[in-house]
Amino acid sequence: VLPTPASGKWYSVTTGTGYAPANVPDKTADTYVTQLATPILAPNSTWFNNDYGITRDSITEIVIANIYKPTGTAGVDYYVWDASEAKDGSVMVYVEGTKLTISGNGYGCVYANADSSNVFNGFTNMISFVGANFLDTSRTTTLEKAFYDCLSLKELDLNSWDTSNVENLRGTFNGMLALESIAVSNWNTGK
């Protein structure tokens, strides 16, 4: 039995699941930590890595997930990179074909960066944006041009986003030529 850490739980690095010390699986090859790193997406558009020849216009679906693990082999079935602000692996991006998944580490959400300007700018062929409720924008101060030139996206539901600290919304939805429906009625844009 592992000692009881200050957090009270041991967390699986693979699944993000928290266990009381007496309940940590002993027959599972995994790494356990006492505290999960806070998953913060790198600022503005710097989280996107095109080292693999992947371009923003090749992506048709973006999914935000609390935690995600693809099947298959990295570099063959999917591409992966660290998209966290701290470069600590707390936010990973997986690209499988034309689907891009931004995954946290099981913390419960991925925090959008305070500077989320241009964060999804230029995904011209994106037709699906799923899991907005897993992207916590409560610390975000700018969403300038966040969805600029997302030409193909027809629907966008961002009602779950906390925009109470956002001071800059300039051009957030400019260039969204196919947009037919947008849900932002819960936004607080008082700043």
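Modeller: First, a term: two strands pair if DSSP finds at least two bridges between them. Keep in mind that this is a predicted model.

Biologist: In S6, which residue is the bridge partner of Trp 81?

Modeller: Strand S5 covers 79–82, and strand S6 covers residues 92–96. The two run antiparallel, joined by 4 bridges. Trp 81 has its bridge partner in S6, and that partner is Val 93.

Biologist: What is the order of the strands in the open sheet?

Modeller: The sheet has 5 strands with mixed pairing. Its edge strands, S5 and S9 (128–130), each pair on one side only. Neighbouring strands are turned by 15 degrees against each other on average, direction ignored. The order is S5-S6-S7-S4-S9.

Biologist: How many nonpolar residues are in the lining of the largest pocket?

Modeller: The largest pocket holds about 210 Å³ of space. It is lined by 16 residues, and the closest to its centre are Val 13, Asp 88, Gly 89, Ser 90 and Asn 105. In the lining, 6 residues are polar and 2 charged. The nonpolar residues number 8.

Biologist: Is Cys 109 buried or exposed?

Modeller: Buried means under 20% relative accessible area. Cys 109 has 10% relative accessibility, so it counts as buried.

Biologist: And Cys 150, buried or exposed?

Modeller: The same cut-off of 20% applies. The relative accessible area of Cys 150 is 0%, so Cys 150 is buried.

Biologist: How many disulfides does the structure hold?

Modeller: A disulfide is a covalent bond between the sulfur atoms of two cysteines. The number of disulfides in this structure is 0.

Terms used:
Residues are numbered from 1 along each chain as its sequence is written. This is a predicted model: local features need pLDDT of at least 70, side-chain atom pairs count only at pLDDT 80 or more; totals for chains, interfaces and linings use all residues. Side-chain values use heavy atoms; hydrogens and water are left out. Axes are lines fitted to C-alpha atoms, for helices over the stretch in contact, and angles run from 0 to 180 degrees between N-to-C directions. On a 1 Å grid over the protein atoms alone, a cavity is a set of points where a 1.4 Å probe fits but cannot get out, and a pocket is an open set with protein on both sides within 12 Å along at least five of seven lines; lining residues have an atom within 4 Å of a point. Grid points are joined across faces, edges and corners, and a volume is the space filled by probe spheres set on the points. Ala, Val, Leu, Ile, Met, Phe, Trp, Tyr, Cys and Pro count as nonpolar, Asp, Glu, Lys and Arg as charged, and the others, Gly among them, as polar. A disulfide is a pair of cysteine sulfur atoms within 2.5 Å. Buried means under 20% relative accessible area, exposed over 50%, partly exposed in between (1.4 Å probe, protein chains only).
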